Amino acid sequence: MGSGCETAHETVDYLVEKGEKVGVLKVRLYRPFDMKRFLAAVPATVKSIAVLDRTKEPGAAGEPLYQDCVAAIYEGLANGWTSLKAMPKIVGGRYGLSSKEFTPAMVKAVFDNLKATPPKTHFTVGIKDDVSHTSLDYDPDFSTEGDAVIRAMFYGLGADGTVGANKNSIKIIGEGTDNYAQGYFVYDSKKSGSMTVSHCVLGRRKSVPPTW
């Protein structure tokens, strides 16, 4: 759900281009959870599913979305609501805990985990869990970006116009060219006189806009 969907979408597009048989299902409305619409979006060919929650529910059988997906597929098979012929392998995982980033490398680790025998369930990706050892290992060097992607950082002093200039540049590039553009700006609350950092990324993609 949420912003993690776009990271997963970009990674899936990249992996499909490489011949992987993977997909992503985005949950856009959580409550009420519509079982039949959820099941209609699950292809009959699905053999394994990883459900990702951005929360940890200590003491529960699983996180909320994971439990709903398991229940939906079980009831769908029992009541004939789904084109699935058998119960797929379903694992649950957590991401984005403690405001950690969720990157394409982590998405790939989730798919790699599904190939394992048996796959790890109730896992965590993105943090190092050295207590219960639920973390998935991932390759931090994995990237879906092509050679045409340009990254830049601009440093300035608050009130010197650097942030405004970069915002305008991103708008011009995004609206006036075939490139996608994105910016992220970091500065102190008082801003004036303190250091500002403008993170700017631009590049072309065939399918979905990049989620840098």
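Me: How many residues does helix H4 have, and how far does it reach from its first C-alpha to its last?
Reply: In this predicted model, helix H4 covers residues 104–115, which is twelve residues. Its reach from first to last C-alpha is 17 Å, close to the 16 Å expected at 1.5 Å a residue.

Me: Is H4 mostly covered or mostly open?
Reply: H4 is mostly covered, with nine of its twelve residues buried. Among them are Pro104, Met106, Val110, Phe111 and Leu114.

Me: Staying with E3, is threonine 124 buried or exposed?
Reply: Threonine 124, which is found in strand E3, has a relative accessible area of 3%. It therefore counts as buried, the cut-off being under 20%.

Me: Which residues does threonine 124 touch?
Reply: Leaving aside residues up to four places away in sequence, threonine 124 touches Arg94, Leu97, Thr134, Ser135 and Leu136.

Me: And how far is threonine 124 from valine 24?
Reply: Their C-alpha atoms are separated by 18 Å, and the two residues are 100 apart along the chain.

Me: Changing topic: which residues form the nonpolar patch on the surface?
Reply: Met153, Tyr155 and Met195 form that patch, with about 360 Å² of accessible area together.

Me: Where does methionine 153 lie, and why does it count as partly exposed?
Reply: Methionine 153 lies in strand E4, residues 150–157. Methionine 153 counts as partly exposed because its relative accessibility is 44%, and that class runs between 20% and 50%.

Definitions and conventions: Residues numbered from 1 in each chain as written. Predicted model: local features only at pLDDT ≥ 70, side-chain atom pairs only at ≥ 80, totals over all residues. Heavy atoms only, no water. Helix = DSSP H or I, 4+ residues; strand = E, 2+ residues; numbered from the N terminus. Expected span 1.5 Å × (residues − 1). Buried < 20%, exposed > 50% of the residue type's maximum accessible area, 1.4 Å probe, protein only. Contact = heavy atoms within 4.5 Å. Patch = residues over 30% accessible without salt bridge, like charges linked within 9 Å, V, L, I, M, F, W, Y side chains within 5 Å. Areas by Shrake-Rupley, 256 points an atom, 1.4 Å probe, with all protein chains shown as cover. Salt bridge = Lys/Arg side-chain N within 4 Å of Asp/Glu carboxyl O.
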